[in-house]
Amino acid sequence: MVHILEARDVSKHFGGIGALEDVSFKIRKGAIISIIGPNGAGKTTLFNCLTGIARPDRGAIYFMENEISKLPAHRVTELGIARTFQNIRLFPEMTVIENVMVAQHLRVRYGLLSAIAHNRTFRKKEKDIIEKAFEYVGFVGLENFARTPACNLSYGSQRRLEIARALATEPGLLLLDEPTAGMNAIETMEVMDLIAQIRELGKTIVLIEHDMKLVMGISEWIIVLDHGVKIAEGTAEEVRNDPLVIDAYLGKEAVQ
Amino acid sequence: MRNKRLLVRSLIIASWAAILFLPFKGIRGAAELFLVIAAGIPVFHFLQRGMVLPKHFRSVVSFLRPFFIPVFLIAALAVPFLAGDYYLDVLIMCGIYILLALGLNVIVGFAGLLNLGFAAFYAIGAYIYGLLNTKLGIGFWPCLPVSAAGTACAGLLVAVPALRLRGDYLAIVTLGFGEILRLVLNNWDSVTNGPNGISGIAPPQLAGISLGNLKYFYYLVLAIVLLSVFVIRRVERSRTGRAWIALRENEIAASSIGINVTRYKLYAFAFGSFWAGIAGILFAAKMRFISPESFTFAESVLILSMVILGGTGNIYGAIAGAFLLVLLPEVLREVQLYRMLILGIGLVLLMIFKPEGLLGKNLRKIRQPVED
């Protein structure tokens, strides 16, 4: 299986406005792929369709040979797609560690009666959950904030925590919606490193990103959306020189 | 800094309480009240969070902490030997309302689903026992699981149509359900005996002894309340409880990390209603008489106030809220005419000065497990 994800003619309309029009693409396993396009191009809508948060009006999405376009979000997560959100959606009143603990919901299970009895199953699994949570929190570099409520974290740290939480669902495919939005140059660099490390773990990563330097440097395949239509895809080099892309998004100056 | 703010805040709360009481209790009474509250709030805070205190105080508190529960238990067990029937009666009502507040806290506090018709579930628990007992002669103990499970099922039933709704809309649906149920109880004469209610409900029996005696009944309620706190606390700190809180905090994020939002909303409704059912059967067994009048909208609001007052989502807050709202009207009985007024003003002021409730949210402290 070379492709982990395939979208076929995915369309989504809001009222009369087409947010996505017959978008098709394939994503190779283990790759880092970027989706770019101007604001309102349908990038986040596409993520919502891929993760079961929105249901496409037409088309099909295959994830590891399962049709997922009609599944609810929690089923999609169970199959192995995790995401972060452009407008950060943490559990603000839970601590950092709890945010990551709750994300293991699908992977470590026990019954309500075990929880009430505090039996051996419960104690063992709960210990696993906590240990793993500290691992993920450490992985994104938030170990010193484990007991801080998520709402008290800085903006950059909140984005990192979202990544840790997504990883805790043990996904094969990770969708990052503008992971460096609002970050300074140093923080952006750090997130880039983090993304590279996540890829080393064998995960496929799809990014929505506006920082062109970041996109061109890291991704081996780029998909360009404009007004809900896929106008180009290819390697960084190909996309950069595509006249349609230059017209819609990059602008003439970027090329010169 | 934090200490100073706490002190200022407790002084403010103490002064408003004192000013409210001034016309009724005179200067001396008001001054006493002021001192008790001004000293009580900081002490209570320090016991709650040992960390606010300087180091040596903290070690004293942590030394005392293990004694907290035993002392409380002994005091609770000793009450019937020290107090008269009036106090027992009030404490039993406290216990019943604690169960209700704890149950509603699961729905509103943990899962974040506003429920304005909780008295309906209380009524279902009470009427299941009332009817089974008076019509079929079934005793308290077999009815206890039936009432609890029946009420939990009713919770599921209401939750199913309400699932797509959030916030205000859900509140309206639950409010409607509460009113519908009360009207059914009021008008279905052939079964519920309408507004005349059901009388002659038997008190529980245990080993041939009737628990109708207030002392015994007090112990029964105490045991059930302790059990409920134990169970709810453990559920809160489990996978299920975390899923509920995630749901409350951000529904879309919760579904995106794999929580089945629909299912966990149903669980919350069922689990919360379960305790209302138990409160209902205890109420029916204590009063031996039930009528729709006991389960009005005002009752739902009262229970919700307990949860919000104590601190939404905090088990101990719900308990404190229930105590306060049962005890306060009793304490204020002397000033009959004004007691609801005072209570109302008090609640408004409390919400202004401490909108997160008496105890606020409690963050769970999780220790990193040590390698063994």
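How many of the 256 residues of chain A count as buried? The share is 45%. A residue is buried if 20 or more other C-beta atoms lie within 10 Å of its own, exposed if 12 or fewer, and partly exposed in between, with C-beta atoms placed from the backbone. In chain B, buried residues make up 42% of the 372 residues.

This is a predicted model, in which local features need pLDDT of at least 70, side-chain atom pairs count only at pLDDT 80 or more, and totals for chains, interfaces and linings use all residues. Residues are numbered from 1 along each chain as its sequence is written, while chains are lettered from A and ligands numbered from 1 in the order in which they are written.

## The two chains

Chain A has 11 helices and 10 strands. The radius of gyration of chain A is 19 Å, close to the 18 Å that the globule rule gives for 256 residues, so chain A is as compact as a globular protein of that length. Chain B has 14 helices and four strands.

Two terms need their rules. Helices (H or I, at least four residues) and strands (E, at least two) are DSSP runs, numbered from the N terminus. The radius of gyration is taken over C-alpha atoms, and the globule rule is 2.2 Å times the number of residues to the power 0.38.

| Chain | C-alpha extent along principal axes |
|---|---|
| Chain A | roughly 65 × 40 × 35 Å |
| Chain B | about 65 × 55 × 45 Å |

Next come contacts. Two residues are in contact if their C-beta atoms, placed from the backbone, lie within 7 Å. In chain A, take the contacts between residues at least 6 apart in sequence: 64% of them join residues at least 24 apart. In chain B, residues 24 or more positions apart account for 75% of the contacts with a separation of 6 or more.

Strands of a sheet pair through backbone hydrogen bonds, either parallel or antiparallel. Two strands pair if DSSP finds at least two bridges between them.

One open sheet of chain A has four strands in the order S2-S1-S4-S5, with antiparallel pairing. Strand S2 (17–28) and strand S5 (66–67) of chain A are the edge strands, each pairing on one side only.

Strand S1 (residues 3–14) and strand S4 (residues 58–63) of chain A run antiparallel, joined by five bridges. Ala7(A) stands opposite Ile61(A) in S4(A). Arg8(A) stands opposite Ala60(A) in S4(A).

Two bridges join S4(A) to S5(A), again in the antiparallel sense. Here Phe63(A) stands opposite Asn66(A) in S5(A). The hairpin of S4(A) and S5(A) has two residues between the strands, and Met64(A) takes a positive phi near 45° there.

## The six-strand sheet of chain A

Another open sheet of chain A has six strands, ordered S6-S7-S8-S3-S9-S10, with mixed pairing. Strand S6 (81–83) and strand S10 (229–234) of chain A stand at the edges with a single partner strand each, so one side of each has no neighbour in the sheet. From one strand to the next, the twist averages 20°.

S7(A) and strand S8 (residues 204–208) of chain A pair in the parallel sense over five bridges. Leu174(A) has Ile205(A) in S8(A) as its bridge partner.

What lies across S1, S2 and S4 of chain A? Helix H1 (residues 43–50) of chain A does, running at about 65° to S2(A). H1(A) also lies across strand S3 (32–36), S6, S7, S8 and strand S9 (221–226) of chain A, at about 150° to S7(A). For these angles, axes are lines fitted to C-alpha atoms, for helices over the stretch in contact, and angles run from 0 to 180 degrees between N-to-C directions.

## Domains of chain A

Chain A is assigned domain 1 (1–72 + 175–183 + 206–256) and domain 2 (81–170). These bounds come from an automatic or database domain assignment. The contact takes 13 residues from domain 1 of chain A and nine residues from domain 2 of chain A. On the domain 1 side, H1 and strand S7 (173–177) of chain A each supply at least two residues.

## Where the chains meet

The contact between the chains takes 27 residues from chain B and 34 residues from chain A. On the chain B side, helix H8 (214–236), helix H9 (239–249) and helix H10 (251–256) each supply at least two residues. H9(B) gives the most, with seven residues.
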